[in-house]
Amino acid sequence: MKKRSLIPILYIAFLMLPIYWLVAMSFKTTNEILSGFSLFPQTFTLENYFTIFTDPTWYWGYINSIIYVTINTVLSVCVALPAAYAFSRYRFLGDKQLFFWLLTNRMAPAAVFALPFFQLYSSIHLFDTYLAVALAHTLFNVPLAVWILEGFMRGIPKELDETAYVDGYSFPRFFVTIFLPNIKAGVGVAAFFCFMFSWVEMLLAKTLTAVEAKPIAAVMTRTASSAGYELGLLAAAGTLTIIPGAIVIWFVRNYIARGFAMGRV
Amino acid sequence: MRTENQKAWFFVLPVLALVAFNALVPMMTVVNYSVQETFGNNQFFWEGLGWFEQILRSDRFQAALGRQFLFTFLILLIEVPLGIIVALSMPRKGFWVPVCLVLMALPMLIPWNVVGSMWNIFTLPKIGLLGYFLNDVLGINYDMTQQPLSAWITVIIMDVWHWTSLVVLLCYAGLVSIPDAYYQAAKIDGASPWSVFRYIQLPKMKTVLTIAVLLRFMDSFNIYTEPFVLTGGGPGNSTTLLSIDLVKIALGQFDLGPAAAMSLIYFAITLLVSWVFYTLMTKDDAQ
């Protein structure tokens with residue numbers, strides 16, 4: 001039994017090493033980084049974090065990212081809920097083809113869509129807004145949310161719907177007060193995955209913004225290229241991008257594994 | 001059992017509208033560009049299938065495609081078995097399970113450009129932990145910016161670091177759904193660990209493994225940000241994968257026609273291989 005638990009421990013150690021290095025770098029001064037190798041920060045400094053929290057271009061990068069990720073998550077889950085209900089309860093003309101078509105949108109390389117998206121959102125005057133990025137990210141998040149929610153909804157027996165109708169519930173009231181509480185876990189998991197894929201995607205987010213809605217990634221790229229090579233600052237900015245994900249995942253820790261496993265494939 | 005009801009289309013309508021807006025309009029733009037030639041000023045000339053022929057015949061595209069297949073093949077070869085092994089050796093219940101799951105999922109929640117920067121910092125010679133360890137402690141000559149082999153190994157290890165956890169989480173989800181009674185029965189029959197794996201655990205993991213391989217295939221075939229930030233496609237063209245090459249042509253040289261034709265060929269290949277994977281892996285269920 002002892003020997004077996006060695007594998008997960010080694011694996012987690014491998015995962016943590018680069019993260020440790022990023023965090024360690026963020027507490028070092030630029031001088032120390034460039035002067036040579038040190039396993040721990042010799043002169044511990046919070047200066048890099050101080051720069052980020054006092055410079056509006058830096059901290060607005062985070063706020064912008066969080067805003068469009070939130071809009072995207074809410075939007076994706078809200079439109080996916082009725083669709084997933086339809087897929088899990090009814091057969092209708094073209095349902096299988098529609099489901100497969102939705103999934104193919106996850107296969108299209110984001111690089112393919114970068115330029116057409118830029119033109120599309122410019123032409124409808126949404127370029128450089130939160131809504132543009134949030135809408136663009138629904139391309140791959142909505143299919144995923146439908147897929148996950150459908151799996152959870154199939155696990156709810158149909159008798160629940162029928163009993164509610166017999167008791168005189170209207171459909172919207174049944175859906176909100178009876179059905180939704182039953183698939184709470186599913187909504188949580190779907191929201192988590194939408195958050196995750198919108199938070200980590202950077203190519204489209206960068207293409208669709210300029211000044212007003214600039215994501216943290218764009219701010220980081222600019223720093224890496226223009227202000228010389230400030231590795232400490234870059235490391236601190238990187239460390240801060242890990243935190244929102246870590247918080248969100250802690251809430252759904254008991255359900256993440258189930259989320260994908262219940263899919264239809 | 002699901003009942004026949006055409007009104008269900010109304011429920012699907014919002015999703016349909018949203019995804020169609022995002023998928024069909026840009027796709028038609030790409031199709032438009034792919035059959036036309038432009039010299040600027042918004043003037044377009046009919047080009048037919050010329051771009052497609054040019055792309056398919058060009059050495060540059062074939063080389064990038066070859067690198068892309070090699071990359072995807074290698075990461076699947078490492079990530080799938082490694083993911084299964086880690087999932088099998090995880091504890092089934094107890095305090096450590098959620099802690100392990102959260103720590104393992106952490107790399108997947110880091111923005112992709114940060115993943116690239118992080119590995120860049122990690123592997124710098126003299127400064128980075130790995131770079132220092134390999135060069136100054138072990139005496140191996142390792143420099144990602146100079147040697148194609150080092151760059152390749154780094155890009156592969158980075159992807160293994162980033163995405164193996166997805167395979168682990170999915171396999172683990174399949175494993176915990178096996179009732180204890182199965183294991184007890186196997187014990188009474190005196191089954192070896194291998195036969196427990198082959199006849200109890202592997203069949204239960206089959207569905208989730210299909211999802212894992214499909215997702216890993218699609219995402220690794222479309223990978224752009226991480227290797228671009230880490231190596232920029234270099235040294236030379238050695239780590240220029242398909243997406244990186246595509247962006248170079250489309251946004252770097254602004255050759256819209258060839259870039260659009262390449263996009264469509266690229267998408268068609270992804271679709272085709274995903275479909276083949278899907279049919280092969282679900283074939284047994286149909287019988």
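**Note on helix packing, domains and the A–B interface**

1. Helix α7 (residues 130-154) of chain A packs against helix α10 (residues 184-200) of chain A at an angle of about 160 degrees, and their axes are 9 Å apart. Angles over 145 degrees count as roughly antiparallel, and α7(A) and α10(A) are therefore roughly antiparallel to each other. The model is a predicted one.

2. The crossing in which α7(A) passes α10(A) is right-handed. On the α7(A) side, the contact is made by H137(A), F140(A), N141(A), L144(A), A145(A), I148(A), L149(A), F152(A) and M153(A). On the α10(A) side, the contributors are A185(A), G186(A), V189(A), A190(A), F193(A), C194(A), F197(A) and S198(A). Sorted by class, this contact of α7(A) with α10(A) holds 13 nonpolar and four polar residues, with no charged residues.

3. On the domain level, chain A is divided into domain 1 (1-45) and domain 2 (55-261). The centres of these two domains of chain A, taken over C-alpha atoms, are separated by 31 Å.

4. Where domain 1 of chain A meets domain 2 of chain A, eight residues of domain 1 are in contact with seven residues of domain 2. On the domain 1 side, the elements that give two or more residues are α1 and α2 (30-35) of chain A. Of these, α1(A) supplies the largest share, four residues. The domain 1 side divides into four nonpolar residues, three polar and one charged.

5. Between the chains, 77 residues of chain A are in contact with 75 residues of chain B. Helix α1 (residues 6-26) of chain A gives the largest share of the chain A side, with 11 residues. By class, the side of chain A that touches chain B has 60 nonpolar residues, 11 polar and six charged.

6. Strand β1 (residues 90-91) of chain A and strand β1 (residues 3-4) of chain B pair in the parallel sense, over two bridges. Which residue of β1(B) is the bridge partner of R91(A)? The partner is E4(B).

Terms used. Residues are numbered from 1 along each chain as its sequence is written. Chains are lettered from A and ligands numbered from 1 in the order in which they are written. This is a predicted model: local features need pLDDT of at least 70, side-chain atom pairs count only at pLDDT 80 or more; totals for chains, interfaces and linings use all residues. Two residues are in contact if their C-beta atoms, placed from the backbone, lie within 7 Å. Ala, Val, Leu, Ile, Met, Phe, Trp, Tyr, Cys and Pro count as nonpolar, Asp, Glu, Lys and Arg as charged, and the others, Gly among them, as polar. Two strands pair if DSSP finds at least two bridges between them. Axes are lines fitted to C-alpha atoms, for helices over the stretch in contact, and angles run from 0 to 180 degrees between N-to-C directions. Angles under 35 degrees count as roughly parallel, over 145 as roughly antiparallel, 65 to 115 as roughly perpendicular and the rest as oblique. A crossing is left-handed if the near helix is turned anticlockwise from the far one by less than a right angle, and right-handed if clockwise. Domain bounds come from an automatic or database domain assignment.
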